[in-house]
Amino acid sequence: AASWPPAGLLRLAMSLRELEVPKAGLKPHLAKMLRHLSEIEMAQLPAMTYQLLLLADAESKTTVLRALTLHFDSLLKQCEQASDTAELVPQRLDREQLGHIQGAVVLHIQLAVKQDQPLGTA
């Protein structure tokens with residue numbers, strides 16, 4: 001399988017939403033995008049969250065939310081490990097920035113719920 005450049009994942013998700021692709025055909029693409037969450041720039045995570053939630057079918061929305069939760073848990077653990085060892089925290093793992101990104105992701109989840117009411121029960 002070909003590698004997808006992380007910088008293009010957000011545009012890919014946006015494009016897939018515009019196409020009339022059967023939901024079953026989207027599942028492999030959605031799964032691959034979720035596997036690449038760790039490669040996406042932090043600033044793109046809120047928009048990517050929004051696109052993934054609107055792209056996912058009813059049964060995949062829980063998978064998307066679970067993947068996002070695991071991703072942020074992993075980032076938080078990396079922040080804690082870096083602060084425990086008294087190393088300089090890389091910009092990508094700055095705890096304050098992570099908190100801002102998490103807040104923006106929650107806002108984007110709320111926007112996605114307004115667009116897709118059944119998502120609120122996922």
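This is a predicted model: local features need pLDDT of at least 70, side-chain atom pairs count only at pLDDT 80 or more; totals for chains, interfaces and linings use all residues.
The chain has five helices and zero strands, and if you read along the sequence the pattern is α-α-α-α-α. Of its 122 residues, 35% count as buried, and the chain exposes about 7,400 Å², with carbon and sulfur atoms supplying 56% of that area. If we take the contacts in the chain with a separation of 6 or more, 70% of them are accounted for by residues 24 or more positions apart.

Let me turn to the core. The largest nonpolar core holds 30 residues, and those that touch the most other members are Met33, Leu37, Leu45, Met48, Leu52, Val64 and Phe72. The elements that give two or more residues to this core are helix H1 (9-18), helix H2 (23-35), helix H3 (45-55), helix H4 (58-84) and H5, and the largest share, seven residues, comes from H3. To take one of these residues, Leu37 touches Leu45, Leu52, Ala67, Leu68 and His71, if we do not count residues up to four places away in sequence.

Next, helix H5, which covers residues 95-115. Which residues of H5 are buried? They are Leu98, Ile101, Val105 and Ala112, and because they cover an arc of only 60° around the axis, they sit on the same side of H5. As a reminder, an α-helix has 3.6 residues a turn, so residues three or four places apart point the same way. On the other side of H5, Glu96, His100 and Lys114 are exposed.

Finally, the charged residues. Side chains of opposite charge can pair when their charged atoms come close. In this model the count comes to two salt bridges, and Lys27, Asp57 and Glu59 are linked in a network of them.

I will begin with Asp57, which is found in the loop between H3 and H4. Is Asp57 buried or exposed? At 15% relative accessibility Asp57 counts as buried, because the cut-off for buried is under 20%. Leaving aside neighbours within four places in sequence, Asp57 is in contact with Lys23 and Lys27. With Lys27, Asp57 forms a salt bridge in which the closest N and O atoms are 3.7 Å apart. Since Asp57 lies in the loop between H3 and H4 and Lys27 in helix H2, this pair ties together parts that are 30 residues apart in sequence.

The other bridge joins the side chains of Glu59 and Lys27, at 2.2 Å from N to O. Here Glu59 lies in helix H4 and Lys27 in helix H2, so the pair ties together parts that are 32 residues apart in sequence.

Lys27, at 30% relative accessibility, counts as partly exposed, whereas Glu59 is exposed, with a relative accessible area of 57%. The network of Lys27, Asp57 and Glu59 therefore includes a buried residue, Asp57, a partly exposed one, Lys27, and an exposed one, Glu59.

Key:
Residues are numbered from 1 along each chain as its sequence is written. Side-chain values use heavy atoms; hydrogens and water are left out. Helices (H or I, at least four residues) and strands (E, at least two) are DSSP runs, numbered from the N terminus. Buried means under 20% relative accessible area, exposed over 50%, partly exposed in between (1.4 Å probe, protein chains only). Contact means heavy atoms within 4.5 Å. Accessible areas come from the Shrake-Rupley method with a 1.4 Å probe; for residues, only the protein chains shown count as cover. The arc is that of the directions from the helix axis to the C-beta atoms. A nonpolar core is a set of buried Ala, Val, Leu, Ile, Met, Phe, Trp, Tyr and Cys residues joined through side-chain atoms within 4.5 Å. A salt bridge is a side-chain nitrogen of Lys or Arg within 4 Å of a carboxyl oxygen of Asp or Glu.
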